[in-house]
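Here is a walk through the charged side-chain pairs of one model. Keep the viewer open as you read.

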Amino acid sequence: MTNNNFDPIILSFCCNWCSYAGADLAGVSRLPYPTNILIIRVMCSGMVHPNLVINALTKGADGVLICGCHIGDCHYLEGNLKAQSRAEAIKLMLQDFGIEDERFRIEWVSASEGERFAQVMKDFTEEIKNLGPSPYKV
Amino acid sequence: MVTLSINNQKIEVNEGITLLTAIEGIGIKVPTLCHHKALIPYGACRLCVVEVQVPERAASLQASCSYPVISGITVTTDNERIRNARKIVAELLLVRCPDSETIKKIADEYGVKEPRIKKKNEDCILCGLCVRMCEQRMGRSAIGFTGRGPRRKQETPFGKHNEMCWICGACNFICPVGKKVQTFTSDRLPIPIPDSFNMGLNERAVVNVLYPQAIPNKPAIDNNTCLHLNYDVCGICKEVCEAKAIDYEQKEQKLELNVGAIILSPGYNLFNPDLKPDYGYGKFKNVITALEFERILSASGPFQGKIIRPSDKTDPEKIAWIQCVGSRDHERDYCSAVCCMYATKEAIIAKEHEGEKLKCDIFYMDIRAFSKGFEEYYIRAQKLGVNYIRCRPLSIKELPETNNLIIDYLTEDDRKLSGEYDLVILSTGLTSPGNAKKLAKEFGLELNKYDFCETSSFAPVDSPKEGVFITGVFTEPKDIPESVMQGSAAAARILSLLYTEKGKLVKEKVYPPEKDVKGEEPRVGVFVCHCGRNIGGVISVPEVVGYVKTLPDVVHAEDNLFTCSAESGEKIKQAINEHNLNRVIVASCTPRTHEPLFQSIIQEAGLNPYLFEMANIRDQCTWVHMHEPKLALQKAKDLVRMAVAKARFLEPLYKRKVKIYRDALVIGGGVSGITSAINLAEQYFEVYLLEKSDTLGGNLKQVKFLLNGDDPQKKLNSLIDMVKHHPKIHIFTNSQIVKIDGSVGNFSTEFKSDGNVHTINHGVVIVATGAEEYKPTEYMYGQDKKIITQTELEENLAKGSRQLSGQTTNHESSVATPQRGTRHKQQTVVMIQCVGSRDEKRPYCSRICCQQAIKNALLIKEKSPDTDVFILYRDIRTYGFNEGYYTKAREKDVRFIAYNADKKPEVEKINGQLKVSVYNPVLDAKVNIKTDLLILSTGVIPRDDAKDLAQKLKVPLTKDGFFLEAHMKLRPVDFANDGVFLCGLAHFPKTVDESIAQSLAASSRASTIISKEKIELAAVISNVVDENCDGCAYCIDPCPYKALTLFEYMREGSIKKTVEVDELKCKGCGTCMATCPKKGIYVRNFTLEHITAQVEAALQTV
């Protein structure tokens, strides 16, 4: 941790079927992760419009995470594949906005991976803390 | 009632409670140490001091745990004086027990780093919890206090072990500084209760949830070990349960039910490895069963998924699996069918976990990877470095100094070798369930010699007794998908038996008429749940309520101890009416479990169920941030604020009901299609049965014998007869499908049959199009009449013809019946397995060829015992009870010669004589066999036209070309597309009984749809905003359900392009919404507006 006083706001879009359930399992298993993460439930990772990510990062979020089912396990057959290809586009768009592309990540967490969920959240928060506040933060 | 003020808050509480209870009741936390809800307050540690001001008197510090509530007092729970007092308490505690983690944490909280006095290093803080527990709750008084002042200590009478102690371990459990109190009261240790779900690898509590997936997922009290139920003591759980859910009076009940049919699914018992003493199970700590290892691998298992071995809890570096423990031996001449794959799976998971350094060896006889996707999985394991050793393990010895194990084994070429392992896993087989004999007696079933209840090939789930059905491993060892198929098959059989009674017990819930909230300003009501201590114990729920009330449009907020209780449900309904709420939020646990309950509650109050939102402040807040209560409180406020922001935009949604066609289309007139059609017709549905060729019967027409001796042709003919004469079944031969439109409930299919074009409407489709036999190009097939396939051999055997080969009249090849009058000449037959299976082009195993070869070999041996039969094989895969026929074949002198995939047999013809040569690894030499007949065991391949049908139905195929079901294990007859089902060889090669079970399963699944008049469509689906949509069609291709179509219409004199959503197909994934550049399409209640509101609320800094 480089910046002890920096308390980032991180949004995590979690798909209803895998990652949101994985987050619940982290809870049931009492696996702690930083309080900086705020979860927004979406039906599928493929539902998250790139504008949502860009808006969040330009309006004060320090990091945005999309979490979906593992490839091949999508409840909607291939929504996560769509999210994956979109993620690459989002990274390019972030460059145009002058936002470090590390501020956005896409991760796969299944409903049975409470431990992984907590770990991903810890890692990402750590990474965002190292990056410091978003350039768009006033 | 008593009125008092706590932290300037006036409250009214019941008389007789303590101050601590009153304080905690309003969500304020006070530190405690010697306090326990189930014990009489003691006031020993004084950590819970608060300042109490009795009117007219000076404020004094009092231990809140033992101070009663008094009318008119003013209480302060936190100020400098109190903190100082607590700090001194913490410091003195730290002097006594400087090493205790609990004490260190308390000291840390009050800023005590090092005590100013010399540390005493005691192991007891004299809190008296153990003494009170033993006396008040256990009624034993095995331990007490002696001495006074500085000499006071906790002790047993005369400092000796006390016979009063009954080693319940409650003293150990309750001690805050972790002292093993019980070692002073008795020389015996508490007997751990093994966690049976984790195979006894860890302990469990008396009150526990049996396993993570238990339904209901609630704890139960084990009445064998509960002290209260057995000795009328303890009863602590009842005191601490805030939900007041503990009822000691519940008794086991015997219920009598009137039923129309019974399904027996008793499962199996795992083979008891004690019966194989050579493997040292139970004697050597590091010899475990595969199920024990399965639990070790599990994240919810005894070691949280860490791979450690039992003896010293270290990481094993070399693991061995021993296959066929309790299967395929003299006493159990059957194959358990699942062990090869579970061992492979465990090895892969272990490898993925531990990486390169872990060495996995699997000791086996034959690897039986015979199901869909299994062979590829087996290949993957080998690529990952899992080492398969074909051998016979002899014994296991333990090295006493390391607890490592030495496995002695005999290789194929009879060399005795040994290997050292850190952990040995026994792949124990499946045996009949413990209650098999009892069930058999009760239901008049006949068991085989291994106490399984075998069923017949054409009625795989029927018992001899009408109305009683059998499924799962009880009929034969089998894997998950086959068990699921049998389960659904039994349901199908019952549906046809009891179709007149179907749905009679269903009671539909009636809700009051819905209030119209259109045009109303949002009036949000928020209900914040304490969930007992789960939320309320970490954050101040009243503070969250106070915060929520400041949010825009929130007109009501309250807290509930348990919002999901019936009482709270009433309060929600009351609040909806009283405050005219039109949006409701519950801040509690997860919508995944509780949303339906709350939706039903608000519906009872006349609100549309979709005007509801949840804030997950338990699973995703207090449970994961319990050590950071201040930040958790902040986050809980954030989460509720986000929920309110979204709720303001929620719209009422409706599940549209669509009338459906209740007829079924079955494609394929083989035994699978016929079985499905008959079953559906018996359930009183109209069935259209389409067959591509001019006759019914499919591949089964070529099967002349079954291993168990049944005559398949007789059965097939009677089925064909039945299907032809059933008034509800409409058969179309020579048919060809032109197109299939629509979706679940409303399909429309156009097809040609015997020259005519028909169009039918139907609600479901069953794909039973079969597969075909591979026509080989290898091994000189087609170049000599004496080289034929197993099916051709079977045809010849059935004809009883003298010659088994092609159309030859050459006497030399007549092995079935020796020529009358001629001296019998000994003949030779060679069979080659895996022709067109398990190779590069078709990597899958065709599952049935081993059985077929053995069946035909036995038939030849029966007709002509002198004939030499050789079977050249890679692995013999006679799973289940077919193993017995493999044994029988060996007894009858059928000779089995193993060959390797990289050294396939070679066939040549020299001077009219066929010669097969094969490298035999056992002899390490080439074996040459001159043969009169060469039989090729050809695989099963998908039909060429499968692809075309798949496209018409918009369903996927595997890369091998078979139809791909929704889930390989759990949904073996469903497609991901609703209303389309799968059975028979079109799914994967399988035997007759498996095909029949799967076809029954398909009709049972289909019946779940067409049993209803209407189907309910999902409400949370896509919706097009015509004004925004410019018809760019970006959304159309990405839609995984092909639910979107582009269309044009005339608007204001010009052509307007727009997109239309097929509400029957759309599942609401929102891929379209995220693809649309113009906000032209959205998922209801998950629109960009909704999600943006949540995002913006999250970013508001408070």
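Lys909(B) is partly exposed, with a relative accessible area of 42%. Here buried means under 20% relative accessible area, exposed over 50%, and partly exposed in between (1.4 Å probe, protein chains only). Asp784(B) is buried at 10%. These two residues, Lys909(B) and Asp784(B), form a salt bridge, with the closest N and O atoms 2.5 Å apart. A salt bridge is a side-chain nitrogen of Lys or Arg within 4 Å of a carboxyl oxygen of Asp or Glu. The pair links distant parts of the chain, 125 residues apart: Lys909(B) sits in strand E38 (residues 906–910), Asp784(B) in the loop between strands E33 (771–773) and E34 (787–789). Helices (H or I, at least four residues) and strands (E, at least two) are DSSP runs, numbered from the N terminus.

The model is predicted: local features need pLDDT of at least 70 and side-chain atom pairs 80 or more, while totals for chains, interfaces and linings use all residues. Residues are numbered from 1 along each chain as its sequence is written, chains are lettered from A and ligands numbered from 1 in the order written, and side-chain values use heavy atoms, without hydrogens and water.

Next, take Lys573(B) and Glu604(B). Their closest N and O atoms are 2.6 Å apart, in a salt bridge. Lys573(B) lies in helix H16 (residues 566–578) and Glu604(B) in helix H17 (residues 591–604), so the pair ties together parts 31 residues apart in sequence. Lys573(B) is buried at 16%. Glu604(B) is partly exposed at 27%.

Over all chains, the whole structure holds 82 salt bridges.
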